[in-house]
Amino acid sequence: RVARRKFLSIPADIPRYYVASDQVQVLASALQADTSATLVSDSQWQQVPARNLLAEVCPGTGVSTDPDQSPVVFHAYYDSVSVVPDLAPGAEQSCGAATLLDLARYFAAHPASRPVHVLFTGGHGQALAGMTHYVRTLQESDAPAPGLMIGLDLSSHSDAFGVFCLGHFRGQPEGSIRHKFSLLGSTLASFARSYRGVDESDSASDRFFVDGINLSGKRGWWSFFPFRTAFESEVPTLAGIPAITLATLNDDRRFVDTPDDTLAHVNFDMLGRQVLARPGEHVGILGLARAVTQWKGPFVSSKLDNRMATIRGRAVWLDQRRNYTPNEPLVGAMVFLKKKEGDRDLLGTRGLLACMTDALGQFSLDGLKRGETPCAVEIYGTASPEFLKRNADAVAQYRQVVQQANTLAGDASDEDIVVD
């Protein structure tokens, strides 16, 4: 949490260094010996590809035009993130993807009446980029929309999980969403009680399963997580596609988002107790998943609004030799969307939308909430060798302006170059 609060949303030259616990004594000894050393930090923004993996594990038994044959899509992210980007082992963060593989094997061997798809998303740490791309691609294609999407956001230091329809990622209004999932939540809770062999009227709380849609035990859904949650299912819900999350409860996930998120800290027994059905005791994620695929009718009581929006723009600079107004593309610049909603406090992802401009200076920021609270788009040209090379004319004119204005002593160095 302390490291996340130090995140910057501007490309300032303020390096941070991480010292692994097994190297602390070595560093302490070197300092006591009055040893001289040079610290080097060379971290640069890069645009790299990420992939989503989508598979149909069973085709369903009915005709595709039947509303009860709309696919159920189980999904989880398969990559990891850390406050030290180059040290992101992500063992705890793989719990959802590992469980998704188990579900895929189960439904391949025991086909459901509905079509069942599994989706592994990339770019989770970049403001849920993989899920955003999947949803946008789905909207722009002729493929049938899923009847329900079910995210697996799991960890291994609790044996309890719950079902939720909200999270902290986009701050969607609870009053316009939760009641639409109420029947689904209560039905799943009823099924969980029947699996335990208790009477339907038994209102005693289930230690292993919580209906976080209808606020089991009169607790707010957020009270089961000692951190700000960002569920991937929030993105399809934002786009009008019914989606819920099965998430581990009462686990602080202390190693998630850190270099210490290793296999040594994963409690496989606890994770297995969440997943496997135990008749007479616990429905398990597997039992609940099977029940969802047998659902008849719509999964929500009324249609969800499509409020997913995109911001597109172009970063340009003024070439005083050619133009009266800025019109030359700024290539490879960093673009940030700032909403001042505590995005840097999210665990396991970064809520700050960021991208790089292309060869025409164009950029696109997707997955926003239409009617978003006031926000600002900020564009920066950094002093990286690649940016300086691709924008040589802009840099040269910038230096001339600086010299003419006499605001800097002597020539501006590369470290001084920030085009805003």
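Mentor: Let's start with Arg-253, which is buried, with a relative accessible area of 8%. Keep in mind that this is a predicted model.

Trainee: Where is Arg-253 in the chain?

Mentor: Arg-253 sits in the loop between β7 and α6. Its phi is near 50°, which is a positive value in a residue other than glycine.

Trainee: What do residues other than glycine mostly have for phi?

Mentor: Most of them have a negative phi. Asn-250 also has a positive value, with phi near 55°, and Asn-250 lies in the loop between β7 (243–248) and α6 (268–275).

Trainee: And how covered is Asn-250, buried or partly exposed?

Mentor: Asn-250 counts as partly exposed because its relative accessibility is 48%, and buried would need under 20%.

Trainee: OK, new topic: the core. How many residues does the largest nonpolar core have?

Mentor: The largest nonpolar core has 56 residues, and those with the most contacts inside it are Phe-74, Phe-107, Phe-181 and Ile-244. Helix α2 (residues 95–109) gives the largest share of this core, 6 residues. Apart from it lies another core, of 34 residues, including Leu-128 and Val-335.

Trainee: What is Ile-244 in contact with, leaving aside neighbours within four places in sequence?

Mentor: Its contacts include Leu-148, Val-163, Phe-164, Phe-181 and Ile-213.

Trainee: Phe-164, then. Which aromatic pair does Phe-164 form with a partner in a loop?

Mentor: Phe-164 pairs with Phe-231 in a tilted arrangement, 6.3 Å centre to centre and 35° between the planes. Phe-164 lies in strand β5 and Phe-231 in the loop between β6 and α5 (234–238), so the pair ties together parts that are 67 residues apart in sequence. Phe-164 is buried at 0% relative accessible area, and Phe-231 counts as buried at 2% relative accessibility.

Trainee: Which cluster do ring pairs build there?

Mentor: Ring pairs link Phe-164, Phe-224, Phe-225, Phe-227 and Phe-231 into a cluster.

Trainee: Now the outside. Which residues form a nonpolar patch on the surface?

Mentor: Val-19, Val-24, Leu-27 and Leu-31 do, with about 350 Å² of accessible area together. Leu-27 lies in helix α1 (residues 24–32) and counts as partly exposed at 40% relative accessibility.

Trainee: Last one: how many residues of helix α7 are buried?

Mentor: In α7 (residues 284–293), 8 of its 10 residues are buried, so that helix is mostly covered. Among them are Ile-285, Leu-288 and Val-292.

Terms used:
Residues numbered from 1 in each chain as written. Predicted model: local features only at pLDDT ≥ 70, side-chain atom pairs only at ≥ 80, totals over all residues. Heavy atoms only, no water. Buried < 20%, exposed > 50% of the residue type's maximum accessible area, 1.4 Å probe, protein only. Helix = DSSP H or I, 4+ residues; strand = E, 2+ residues; numbered from the N terminus. Core = buried A, V, L, I, M, F, W, Y, C linked by side-chain atoms within 4.5 Å. Contact = heavy atoms within 4.5 Å. Patch = residues over 30% accessible without salt bridge, like charges linked within 9 Å, V, L, I, M, F, W, Y side chains within 5 Å. Areas by Shrake-Rupley, 256 points an atom, 1.4 Å probe, with all protein chains shown as cover. Salt bridge = Lys/Arg side-chain N within 4 Å of Asp/Glu carboxyl O. Phe/Tyr/Trp six-rings, centres within 6.5 Å; stacked < 30°, edge-to-face > 60°.
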